[in-house]
Amino acid sequence: PYLPPPSLHPPPAAMPPTPIPGALEHAPGALSRAFSMTSPTAAGGACGGASGYEAGAWKLPTDATPAEDRKARDVATLTLPDGRAFDLPVLRDAKGTVFVDVQRLHGASGGVCTYDNGFGSTASCISAITYIDGAAGKLYYRGYSIEDLAEHSDFEEVMFLLLDGELPTREERQQFVGQLKQHGLVHEQLVNLFKAFKHDAHPMSIMCAAVAALSSFYPMRDLRDKEEAALATLRLIAKVPTLAAMAYKTAIGEPAVYPRDDLGFVENFLHMMFARPTGRYEVDPVVVRAIEVFFVLHADHEQNASTSTVRTAGSSQASPYACLSSGIASLWGPAHGGANEAVIKMLDEIGTVDRIPLYIAKAKDKSDPFRLMGFGHRVYKNYDPRSREMRRRCHEVLGLLDVEDPKLAVAMRLEDIALTDEYFIRRSLYPNVDFYSGILLRAVGFPVSMFTVLFAVARSVGWAAQWKEMVSAETVPRINRPRQIYVGELEREYVGVDERVVGGGGGAV
């Protein structure tokens with residue numbers, strides 16, 4: 001419905017495809033040219049690409065290239081209803097997924113755009129940080145499986161890996177941990193910011209403001225200076241846990257607790273969350289490890305809504321602190337970072353174990369608006385690989401703390417049903433990482449309002465790594481500027497206020 005009438009664009013006689021230059025002679029090594037696709041059926045898992053890289057020395061077909069020869073080259077041919085055709089560069093990633101590079105299509109075609117609501121088939125960047133194989137249920141950080149990292153690594157190692165691309169040596173790890181401790185404190189004037197919030201302010205609203213305010217205390221002279229960028233990322237991942245704990249203390253009316261140099265990263269965070277100036281806080285190593293695994297599993301997850309928000313803000317060359325603040329705002333939404341919070345609200349609605357059959361029936365009824373939260377995943381078509389490790393840690397903590405909570409009993413019964421009921425098995429509606437993490441955080445004692453904050457603490461590492469990768473690229477990233485399909489009114493005559501009628505008329509809205 002949005003194409004112009006064919007009569008406005010009569011098809012040229014025997015018009016050959018127009019070659020459009022795209023990416024990239026100097027793209028990362030994992031990116032390569034792929035086979036030609038000349039029809040939608042050949043696409044399979046193909047995606048659109050808009051990487052932001054400049055055109056390189058691509059040997060593209062000319063207007064005179066025979067069709068048979070074009071099929072053997074690295075192009076896909078787009079044919080429009082008016083008969084015009086364009087050759088688009090075709091790329092593929094390290095796994096072999098095909099991407100059609102459309103970033104030059106608009107200019108070369110005189111205004112033709114692609115439409116992808118939600119960007120589910122569009123790559124907005126080229127990255128070497130995290131890879132998800134949704135069909136196989138796999139997640140990798142810099143090539144290492146999430147299962148191996150959760151089992152054998154700690155959060156400090158994972159932070160170093162995401163930021164620098166390799167696991168640290170013993171000496172590198174020691175230096176990195178020392179730098180985190182050095183930057184864990186925040187400027188004392190920033191602490192005064194927390195006093196401006198209402199006592200019952202949501203911790204995520206405080207986090208948005210506090211992280212953005214870091215740019216006032218740690219301005220950057222040159223965003224593309226590698227040393228400055230590295231220092232900014234260190235400051236971010238070291239200070240975000242401190243700010244998160246301060247946000248919580250502000251929300252409950254308690255004084256802030258400062259970090260301690262004698263504690264590890266996760267233990268320090270728990271100390272700042274639950275200790276009081278009047279006494280020490282002792283935490284069981286099982287709980288520390290469970291929260292550490294939670295952080296590892298949530299550190300990065302490809303180009304999700306919040307990570308894409310960080311990159312979009314970064315494309316304007318905004319401060320990294322402002323970029324991460326935008327990511328926190330995006331994460332706050334219930335469709336994203338608020339999913340584990342939604343699990344607890346669902347358990348509250350169900351109430352008791354004897355009411356579970358009623359809600360299972362409601363979940364299976366397509367006409368019923370009720371949905372079970374924490375089951376299945378948009379990306380993973382098999383099983384969320386993070387769920388297995390989160391389930392293990394969740395059950396360890398529940399066994400250790402011997403928590404008496406009717407909501408946890410409901411959760412465990414739901415888990416049993418989801419793992420054995422054919423309805424859930426056939427649809428791959430297994431309990432996901434949000435299901436188990438919500439139960440874990442509740443058992444440890446985190447209030448529901450802090451669930452998304454903990455997610456932000458973990459994901460801040462991935463955001464920082466993505467921002468660092470973007471500003472460290474050889475070419476300056478293009479500012480993100482999506483197109484739109486405009487369906488509103490076109491040119492209208494201005495109508496004076498006395499001539500307007502309610503509901504429109506005379507050209508008025």
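# A walk through a predicted chain

Alanine 456 is buried, its relative accessible area being 1%. Alanine 456 sits in helix 19. Leaving aside neighbours within four places in sequence, alanine 456 is in contact with Val240, Ile328, Leu331 and Trp463.

The chain as a whole gives the setting. It contains 19 helices and 10 strands. Of its 509 residues, 48% count as buried. Among contacts in the chain with a separation of 6 or more, 73% come from residues 24 or more positions apart.

Helix 7 itself runs over residues 203-217 and has 15 residues. From its first C-alpha to its last it reaches 21 Å, close to the 21 Å expected at 1.5 Å a residue. The residues of helix 7 that are buried are Pro203, Met204, Ile206, Met207, Cys208, Ala210, Val211, Ala213 and Leu214.

Next come helix 4 and helix 5. Two packed helices are described by the angle between their axes and the distance between the axes. Helix 4 covers residues 155-164 and helix 5 covers residues 170-182; their axes come within 10 Å and cross at roughly 95°. Helix 4 is therefore roughly perpendicular to helix 5. On the side of helix 4, the residues that meet helix 5 are Glu156, Glu157, Met159, Phe160 and Leu163. Their counterparts in helix 5 are Glu172, Arg173, Phe176, Val177 and Leu180. Sorted by class, this contact has 6 nonpolar residues, 4 charged residues and no polar ones.

A pair of aromatic rings is described by the distance of the centres and the angle of the planes. A search of the whole structure finds 15 aromatic pairs. In one of them, the ring centres of tyrosine 131 and tyrosine 140 are 6.5 Å apart and the planes are at 25°, so this pair is stacked. Tyrosine 131 is partly exposed, with a relative accessible area of 27%, and tyrosine 140 is partly exposed as well, with 26%.

Tyrosine 359 and phenylalanine 370 form an edge-to-face pair, with 4.9 Å centre to centre and 65° between the planes. Tyrosine 359 lies in helix 14 (residues 356-364), while phenylalanine 370 lies in the loop between helix 14 and helix 15 (385-401), so the pair ties together parts that are 11 residues apart in sequence. Both tyrosine 359 and phenylalanine 370 are buried. Elsewhere, Phe155, Phe265, Phe269, Phe294 and Phe295 form one aromatic cluster.

The last stop is asparagine 432, in the loop between helix 17 (422-426) and helix 18 (433-444). Why does asparagine 432 count as buried? The cut-off for buried is under 20% relative accessible area, and asparagine 432 counts as buried because its relative accessibility is 5%. Not counting residues up to four places away in sequence, asparagine 432 touches Gly374, Phe375, Gly376, Asp384 and Ser387.

Conventions:
Residues are numbered from 1 along each chain as its sequence is written. This is a predicted model: local features need pLDDT of at least 70, side-chain atom pairs count only at pLDDT 80 or more; totals for chains, interfaces and linings use all residues. Side-chain values use heavy atoms; hydrogens and water are left out. Rings of Phe, Tyr and Trp (its six-membered ring) pair if their centres lie within 6.5 Å; planes under 30 degrees apart count as stacked, over 60 as edge-to-face and the rest as tilted. Buried means under 20% relative accessible area, exposed over 50%, partly exposed in between (1.4 Å probe, protein chains only). Helices (H or I, at least four residues) and strands (E, at least two) are DSSP runs, numbered from the N terminus. Axes are lines fitted to C-alpha atoms, for helices over the stretch in contact, and angles run from 0 to 180 degrees between N-to-C directions. Angles under 35 degrees count as roughly parallel, over 145 as roughly antiparallel, 65 to 115 as roughly perpendicular and the rest as oblique. Contact means heavy atoms within 4.5 Å. Ala, Val, Leu, Ile, Met, Phe, Trp, Tyr, Cys and Pro count as nonpolar, Asp, Glu, Lys and Arg as charged, and the others, Gly among them, as polar. The expected span of a helix is 1.5 Å times one less than its number of residues.
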